[in-house]
Amino acid sequence: MIHGLLWFPLLLVFVLLASLGWLERRRQNLYRIWAEGSELAKLDGCGAAKVKGGFISWSSFEAGSFQEKDKFEIKSLELIELMALSSGEAPLTNESQGQCRLRLIGCGEELDVPFSDADRAREWMNQLMRKARCDL
């Protein structure tokens, strides 16, 4: 009886981990469908973004689907800034790591796209500027 009571918490942990793994697999499968045909796409803890048809779209995963938050036309892109995610208007230095956001500026509009990795955000920044120059 005591041995059964000792194993019961481990069984609960196993069921919890299995269900979390199933939810993550479902999220990744939905992301693959959502990002299909994109020129550039990302999925991380902060959300998903894709470049498709001259637009960058940013979405978050809510209630079992991707909910589009905002859209920005790449042709109108004038400036991209790498900003800290939670500390207001502070730009990130080249050595900074961790969560951040890309601020896309153009035609009087601003769009903040969150990233959970600064290196990936820098890579996106370079690719978006190349894409914007090609579209001009």
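The text below treats the rings, then the lysines, then the serine.

This is a predicted model, in which local features need pLDDT of at least 70 and side-chain atom pairs count only at pLDDT 80 or more, while totals for chains, interfaces and linings use all residues. Residues are numbered from 1 along each chain as its sequence is written, and side-chain values use heavy atoms, with hydrogens and water left out.

The structure holds 5 aromatic pairs (ring centres within 6.5 Å, the six-membered ring being used for Trp; planes under 30 degrees apart are stacked, over 60 edge-to-face, the rest tilted). Phe 115 and Trp 124 form an edge-to-face pair, because their ring centres are 5.6 Å apart and their planes stand at 65°. Both Phe 115 and Trp 124 are buried (under 20% relative accessible area, with a 1.4 Å probe and protein chains only). One aromatic cluster is made up of Tyr 31, Trp 34, Phe 61 and Phe 66.

Two lysines lie over ring faces, as tabulated (NZ of Lys within 6 Å of the ring centre and within 35 degrees of the ring normal).

| Lysine | Ring | Distance from ring centre |
|---|---|---|
| Lys 42 | Phe 115 | 4.3 Å |
| Lys 71 | Phe 55 | 5.2 Å |

Ser 60 belongs to strand E3, residues 55-62 (a DSSP run of E, at least two residues). Ser 60 counts as buried because its relative accessibility is 11%. Leaving aside neighbours within four places in sequence, Ser 60 is in contact (heavy atoms within 4.5 Å) with Ser 65, Phe 66, Gln 67 and Lys 69.

Note on methods:
Buried means under 20% relative accessible area, exposed over 50%, partly exposed in between (1.4 Å probe, protein chains only). Helices (H or I, at least four residues) and strands (E, at least two) are DSSP runs, numbered from the N terminus.
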